[in-house]
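Student: Could we go through this structure together? I would like to begin with the overall picture and then look at some local details.

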Amino acid sequence: MGRSVGIDLGTTYSAVAVVDDFGKPIVLKNADGQTTTPSVVFFDPPNFVVGETALQSTISDPDRVVQFIKRFMGQANFRVHIGERAYSPEFVSALILRKIVQDAQNELGDEITRAVITVPAYFTETQRHATFEAGQLAGLQVMRIINEPTAAALAYGINRIASGHIKERKCLVYDLGGGTFDVTILSVGSDQLNVLSIGGDHRLGGKDWDDRIISYVEEQIKLEHNIDIGEDNEIIAELRLKATAAKRQLSGRQSVPISLKVPNRGGGPGNQSVPVKVEITRDAFNRFTADLLGRTEMLLRAVLDKGGMLWSDIDDVLMVGGSSRMPMVAEMIERVSGKKPTLHDPDECVAKGAALQAALLDKDEHVPQVAVGHVLAHSLGVAVMANGKPTIDHIIPSLSTLPCTQVRHGYTTTVDNQTFVQIRVYEGESNDPESYGKGPIGIFELDTTPARPKGRPNLSVAFRCDENGRIMAVAKDRDTGRESRLTITLQGSRTTTEANEEAQSMADAIVS
């Protein structure tokens, strides 16, 4: 039957965890003996190298290395171009999943067939489904897609729950990962964990702090040496590795030097490069990344407001994600909240929480049985005409507990003798259909015969969502009883033809 695991599929690093025979989640080591694997792929089809070797290859062969793919999950028009081939984000993610699962199987000594995979809380249903597709493409039975902060809170609270002494507490999870940022407020009780409010930005993370260091170093080299390194991919790749290392070192040091060898403008034979050194102080780092930190602070306030809460309502603040180690994060949280945050196992807790969720779904008797409440991240609605203008009528609001069903009555026709209506389904918070760049997530029609004057038909629309975000929409003419149904089969970014081709490529792939 195989084992069930939890997978933290991260922007910069990924991890696999399993619950042992004592009910304790443990992170499995990869082939390099590490608990996390860089989410980086080196392409040499049919050979694909994933992890540290691929990361180091960004210096020598940057055009054949792909990283930060998580930021593009679910984007229909995004492809990675390597040579003459184009690859979807799902395919690249599946390569990462296959590698980390292979290593985990070797460490575990058992086959892994099922997994709970985590995603940012603010991912859309399309992005979640893209992650689901990547798991299937990697050969896994995806048991559930769950939010990273929910997994972190589960890993944090399970020991307290097991002790039987926990009182209900409100926990805010500040999750600053390599490429995404989430804030989630949860209530943690003796037998349940429920999401109260969420927010985030899936294009804000530690990579953006790295980018600022890279820009700062580029500017200093240009200013002091009149050398522009911006177009040299190999130097920028080396600088990115050193920027990430400098960011980590600045958590414990007041200044860090970055040394490079850059092309010598006008240099003759034997003098093709010049060594340069740029000193980065923690004060300077804090200053040129202050706006990034400010964006996370604004999202903290927005999530509290969305949940109708004040800081005084929050009992615990958990910081997870490797980038939350930066001292500026804890300083900001303590300043705005008046509470000392806990840095909770930032690199491993999400994978551990996913493993616990897998064990709960398997009804593992060694794990305290906790009901984990999942919610809809974004509102669902339909386009209607109001005062002569199209607008979105939200039927299921965000944060609705899954599974859920909602029905909205009172819809009708807008033209005399209209014999059908088109129902356009939208996911998001805006009331303006034009603001949805990707348009509706589903379109279907309802037969409204016999022809009647406008405003006469009595129509309704119902939405049903399950724990995995699968959506069904039902439109009904309540006068005739006629119905039309649409199961919204979300697809990540691939066409059916492309999915079939990538499935064959994955079958032939040699992943190491």
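Student: What percentage of the 512 residues in the protein chain is buried?

Tutor: In this predicted model, buried residues make up 54% of the 512 residues.

Student: And what radius of gyration does the chain have?

Tutor: The protein chain has a radius of gyration of 25 Å. A compact globule with 512 residues would have one near 24 Å, so the value agrees with that expectation. Along its principal axes, the C-alpha trace spans about 85 × 60 × 50 Å.

Student: How many helices and strands are there?

Tutor: The chain has 11 helices and 30 strands. Of the contacts with a separation of 6 or more, 67% are between residues 24 or more positions apart.

Student: How far apart are the mean positions of the positive and negative charges?

Tutor: They are 4 Å apart, for 54 positive and 66 negative charges.

Student: Now the strands. Which strand pairs with β21, and in what sense?

Tutor: Strand β21, residues 380-386, pairs with β25, residues 420-427, in the antiparallel sense over 3 bridges. Within this pairing, Gly 381 has Tyr 426 of β25 as its bridge partner. Strand β25 is also joined to β26, residues 442-447, by 6 bridges, and these two run antiparallel. There, Ile 423 is bridged to Phe 444 of β26.

Student: Where does a cis peptide bond occur?

Tutor: One joins Leu 402 and Pro 403, with omega about -5°. Pro 403 is in the loop between β23 and β24. Another cis bond joins Thr 449 and Pro 450, with omega about 5°, and Pro 450 belongs to the loop between β26 and β27.

Student: Is Asn 387 buried or exposed?

Tutor: Asn 387 is exposed, because its relative accessible area of 83% is over the 50% cut-off.

Student: What about Leu 399: buried or exposed?

Tutor: Leu 399 is buried, because its relative accessible area is 17%, which is under 20%. Leu 399 sits in the loop between β22 and β23, and its phi is also positive, near 75°.

Key
Residues numbered from 1 in each chain as written. Predicted model: local features only at pLDDT ≥ 70, side-chain atom pairs only at ≥ 80, totals over all residues. Heavy atoms only, no water. Helix = DSSP H or I, 4+ residues; strand = E, 2+ residues; numbered from the N terminus. Rg over C-alpha atoms; globule rule 2.2 N^0.38 Å. Buried < 20%, exposed > 50% of the residue type's maximum accessible area, 1.4 Å probe, protein only. Contact = heavy atoms within 4.5 Å. Lys, Arg positive; Asp, Glu negative; His and termini not counted. Charge placed at Lys NZ, Arg CZ, Asp CG, Glu CD. Pairing = 2+ DSSP bridges.
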